[in-house]
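Dear colleague,

I am handing over the structure shown below, together with an account of what was found in it. Please look through the sequence and the structure before reading on.

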Amino acid sequence: MSGGRLLMKRLLVIFTGGTIGSKAEGLAINVSDSGSYTLLEEYRKQPFYRSDVQLDTIQPLNLLSENLTPQDWSSLASAIREVDLRLYEGLIVTHGSDTLAYTAAMMSYLFADIKVPLVLTASNYPIADERSNGLRNLSSSIDFIVNAALPGIFVVYENNKGEPLVYLGTRIFQNESFTDQFLSPYELVYGKMASDRTFQLVEDRRNPDPASLTPSASTLAWEPSTLKLEDGVLYIKPYPGLNYDLYDFSKKKPRVILHDLHHSGTANALESGPYSLTAFIEKIRKLGIDCYLCPIKNASDALYDSSHRLIDAGARFIENISIEAALTKLMLAYGMIAEDAARDEFIRSESIYYEKLEVLS
């Protein structure tokens with residue numbers, strides 16, 4: 001207290017649209033010019049409202065997150081870069097749940113050196129819907145910033161048990177289609193917000209100690225005028241009967257392909273034929289298209305013969321990170337790094353914001 005007045009914590013809320021900033025009209029859900037600000041109006045009516053926090057706002061985007069493009073990421077990153085962080089205890093980005101994990105990973109790479117908490121959050125339903133967790137997610141995000149005060153990029157989202165979970169920005173999967181739940185590698189979250197509104201770390205040696213979350217110098221210098229994200233990245237998910245002959249690159253080709261793997265780090269490795277990833281990799285290499293494979297725990301461990309065949313064909317594994325983190329890292333690397341060897345080192349070996357998890361034996 002100072003002179004009988006409560007010391008205010010100043011936070012910046014960055015609206016981007018999404019369900020948390022939308023309104024339902026009949027059976028349609030659409031972003032609304034006023035929807036985002038309704039979120040704050042409704043928050044002030046809640047019993048968990050904090051009167052010791054001042055919430056400033058900006059809105060660089062207003063879209064449903066399924067419509068997000070790399071250009072929108074550039075707009076969001078530029079808006080964050082222009083914020084005078086000396087004025088704020090932390091930042092909250094309200095976002096659609098559909099692509100939140102991708103945005104969290106991208107912002108983690110771009111702002112790995114941030115000195116305040118940058119928290120992304122979302123809502124499973126529009127705020128007016130009684131099933132919505134959006135107001136509680138906003139409240140937990142505010143509590144995390146004020147009470148934990150950890151620098152870095154995080155996602156705060158309530159699970160179906162009513163627990164406000166805290167994820168590192170590069171360690172969250174896209175939410176499940178039927179449950180609206182977010183998951184994380186090894187089912188390991190960074191922590192949770194307790195009933196007394198304090199942050200509780202999940203003790204695990206794969207989780208960085210909060211004391212170690214000091215900002216480090218950015219490994220990839222960028223400014224809004226120089227930031228370039230490559231959209232020529234093609235993501236392919238394997239399934240029985242995937243016919244690679246359906247991919248015709250005679251008119252336009254991607255710069256790089258990210259190919260998903262089965263849980264054992266494998267995909268179809270027949271020597272030839274339309275279903276052979278081995279043959280496909282050899283084909284695209286002749287076209288000058290790079291290919292990365294993910295996820296896999298440890299490519300230096302014992303691998304199936306099929307995995308070795310994929311390596312021999314010219315594919316490169318990205319070890320022990322999520323597809324979401326790998327995809328956004330490829331977009332950033334191919335947009336910003338011209339030299340092949342430096343780019344490959346950045347993608348496969350360099351951990352920018354805790355995206356590479358330790359493998360426990």
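Thr103 is buried, with a relative accessible area of 0%; buried means under 20% relative accessible area, exposed means over 50%, and partly exposed lies in between, with a 1.4 Å probe and protein chains only. Please note that this is a predicted model, in which local features need pLDDT of at least 70, side-chain atom pairs count only at pLDDT 80 or more, and totals for chains, interfaces and linings use all residues. Residues are numbered from 1 along each chain as its sequence is written, and side-chain values use heavy atoms, with hydrogens and water left out.

Thr103 lies in helix H3, where helices (H or I, at least four residues) and strands (E, at least two) are DSSP runs numbered from the N terminus. Leaving aside neighbours within four places in sequence, Thr103 is in contact with Leu68, Trp73, Leu76, His95 and Leu120; contact means heavy atoms within 4.5 Å. Thr103 and Thr170 are 67 residues apart in sequence, and their C-alpha atoms are 9.4 Å apart in space.

H2 and H3 pack at an angle of about 45°, with their axes 11 Å apart. Axes are lines fitted to C-alpha atoms, for helices over the stretch in contact, and angles run from 0 to 180 degrees between N-to-C directions. H2 and H3 are therefore oblique to each other; angles under 35 degrees count as roughly parallel, over 145 as roughly antiparallel, 65 to 115 as roughly perpendicular and the rest as oblique. Their crossing is right-handed, a term used if the near helix is turned clockwise from the far one by less than a right angle, and left-handed if anticlockwise. H2 contributes Trp73, Leu76, Ala77, Ile80 and Arg81 to the contact, and H3 contributes Tyr102, Thr103, Met106, Met107 and Leu110. By class, this contact of H2 with H3 has eight nonpolar, one polar and one charged residues. Here Ala, Val, Leu, Ile, Met, Phe, Trp, Tyr, Cys and Pro count as nonpolar, Asp, Glu, Lys and Arg as charged, and the others, Gly among them, as polar.

H3 also packs with H7, at an angle of about 50° and with their axes 9 Å apart. That makes H3 oblique to H7, and the crossing of H3 and H7 is right-handed. On the H3 side the contact is made by Ala101, Tyr102, Ala105, Met106, Tyr109 and Leu110, and on the H7 side by Glu324, Ala325, Leu327, Thr328, Lys329, Met331 and Leu332. These residues of H3 and H7 divide into 10 nonpolar, one polar and two charged.

H7 (residues 323-336) in turn packs with helix H8 (residues 340-348) at an angle of about 160°, with their axes 10 Å apart. H7 and H8 are therefore roughly antiparallel to each other. H7 passes H8 in a right-handed crossing. Their contact involves Lys329, Leu330, Leu332, Ala333 and Tyr334 of H7 and Arg343, Phe346 and Ile347 of H8. It divides into six nonpolar, no polar and two charged residues.

**The two sheets**

Eight strands form an open sheet with mixed pairing, in the order E4-E1-E5-E6-E7-E8-E9-E10; two strands pair if DSSP finds at least two bridges between them. Strand E4 (53-58) and strand E10 (199-201) are the edge strands, each pairing on one side only. On average, neighbouring strands of this sheet are turned by 25° against each other, direction ignored. Strand E1 (residues 9-15) pairs with E4 in the parallel sense over six bridges, and Lys9 stands opposite Val53 in E4. Helix H4 (residues 134-148) lies across the strands of this sheet, including E1, E4 and E7, and runs at about 140° to E7.

A further open sheet has four strands in the order E11-E12-E13-E14, with parallel pairing. Strand E11 (233-236) and strand E14 (316-319) stand at its edges, each with a single partner strand, so one side of each is left without a neighbour in the sheet. Three bridges join strand E13 (residues 290-296) to E14, and Ile296 stands opposite Glu319 in E14. H8 lies across E13 and E14, running at about 40° to E14.
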